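The sequence and coordinates come first, and the description follows.

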Amino acid sequence: MQLSDFNYELPAELIAQHPLANRTDSRLLEVRADGPNHVQLVDRQFKDILSLVQPGDLLVFNDTKVIPARLHGKKETGGNVELLIERISGEMQAWVQIRASKVPKTGSIVHIHNKSGETFPVEMIGYEGRFYEVRFPENVFSLLERFGELPLPPYIEHQPDGEDAQRYQTVVAKNPGAVAAPTAGLHFDEAILHKIKDLGVNQATVTLHVGAGTFTPVREENLSKHKMHYEWYSIPNETLEAIETTKNNGGRVIAVGTTSLRALESQAASGQSSGETNLFITPGYQFKTVNCLLTNFHLPKSTLLMLVSALAGVDNIRAAYQHAISQKYRFFSYGDAMFLCRLENTKI
């Protein structure tokens, strides 16, 4: 397939700029697909997730925690620089995206500052493609806490505030390292998690530290030429055991978000319960672990749109997105959700 197969026109007013008053207030589009060109779309509220899960199912959440990953500074020549952490590669090192009139050269120093007037130097030590490796003078996490800013996605137009600090983080977040939220998890609050548990639906976690590359559009028309960005993941033994038990008992593994899905499918493909993954899921991919997916609506021409198309069918997802636009669903990180299953696992 070609990149143009995954494009669509989205009115700007449908891009959610702020979260709703309550996490569970969002809408939910159920995608019932029983064939590659046959889909039934059901408009629901998110709380209806209680009627879509079944006793014996397993919900798998990504427990990564968003870090204050955006840094501002100046080059030694005085020019402004913005650094966005892509992923932390060591105690004092990280891969970053850089925004500057001219990218600093390897070996040069960028002076990071905060609103209090404090500064610290970052050394440019190399680059690979569109990402640059930098060295911090001390622990990366501790410096980010003092100097970093919450990295809201590029399509959210306001500066991060106190509301974002709370709501651009899931209630299961505990392992810091992500530079973007696993947004499907944003719809859950503690109350609905308890109700799901009371239904006999089990819950488990994985960790995948979402990188800034998740927002980078695919530029190759021939998808086989696209180089997927790397992200670090880890899956606890108890989650792997819960998956095996669920499968043996005839239950479904439901990934909460594309990041949970990528972690689970990466483990299934590699046999490794932790490591870096650049798994690129496109139509034709044979899913090994995940049966169903809860997810938000994704950017045009994005790898995530290709992923959901692989799960439920290209034409079915195209129809679902057209329906969501016509019904004025809210899109992207603070937007509404959809629930879909693999074609062979969908029950009408």
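## Strand β3 and its neighbours

L59 has I254 in β14 as its bridge partner. The two strands concerned, β3 and β14 (residues 253-256), run parallel and are joined by three bridges. Strands pair here if DSSP finds at least two bridges between them. Helices (H or I, at least four residues) and strands (E, at least two) are DSSP runs, numbered from the N terminus. The model is predicted: local features need pLDDT of at least 70 and side-chain atom pairs count only at pLDDT 80 or more, while totals for chains, interfaces and linings use all residues. Residues are numbered from 1 along each chain as its sequence is written, and side-chain values use heavy atoms, with hydrogens and water left out.

β3 also pairs with strand β12 (residues 202-208), in the parallel sense and over five bridges. In this pairing, F61 stands opposite T205 of β12. Strand β3 (residues 58-62) is mostly covered, five of its five residues being buried; buried means under 20% relative accessible area, exposed over 50%, and partly exposed in between (1.4 Å probe, protein chains only). In a regular strand the side chains alternate between the two faces of the sheet. In β3 both faces are covered: L58, V60 and N62 lie on one side, L59 and F61 on the other, and all are buried.

## The six-stranded barrel

Six antiparallel strands close into a barrel, in the order β5-β6-β7-β10-β9-β8. From one strand to the next the twist averages 45 degrees. Axes are lines fitted to C-alpha atoms, for helices over the stretch in contact, and angles run from 0 to 180 degrees between N-to-C directions.

Strands of a sheet pair through backbone hydrogen bonds, either parallel or antiparallel. β5 and β6 pair in the antiparallel sense over five bridges, with K74 opposite N80 in β6. These two strands form a hairpin with four residues between them, and G78 in the turn has a positive phi of about 105 degrees. β6 goes on to pair with β7, again antiparallel, over eight bridges; here V81 has A100 in β7 as its bridge partner. The hairpin of β6 and β7 has two residues between the strands.

## Salt bridges

Side chains of opposite charge can pair when their charged atoms come close. A search of the whole structure finds 11 salt bridges, each defined as a side-chain nitrogen of Lys or Arg within 4 Å of a carboxyl oxygen of Asp or Glu. One of them joins R70 to E82, with the closest N and O atoms 2.8 Å apart. R70 lies in strand β5 (residues 70-75) and E82 in strand β6 (residues 80-90), so this pair ties together parts that are 12 residues apart in sequence. Both R70 and E82 are buried.

Another salt bridge links R262 and E231, whose closest N and O atoms are 2.3 Å apart. Because R262 is in helix α6 (residues 258-270) and E231 in strand β13 (residues 231-234), the pair ties together parts that are 31 residues apart in sequence. R262 is buried, with a relative accessible area of 3%, and E231 counts as buried at 3% relative accessibility. Salt bridges that share partners also join E30, R32 and R44 into one network. Within that group, the side chains of E30 and R32 meet at 2.9 Å, N to O, and E30 counts as buried at 7% relative accessibility.

## The disulfide

The search of the whole structure finds one disulfide, meaning a pair of cysteine sulfur atoms within 2.5 Å. C292 is joined to C341, with an S to S distance of 2.2 Å. The link of C292 and C341 is right-handed, with 100 degrees about the S-S bond. This pair links distant parts of the chain, since C292 is in strand β16 (residues 292-296) and C341 in strand β17 (residues 337-341), 49 residues apart. C292 and C341 are both buried.
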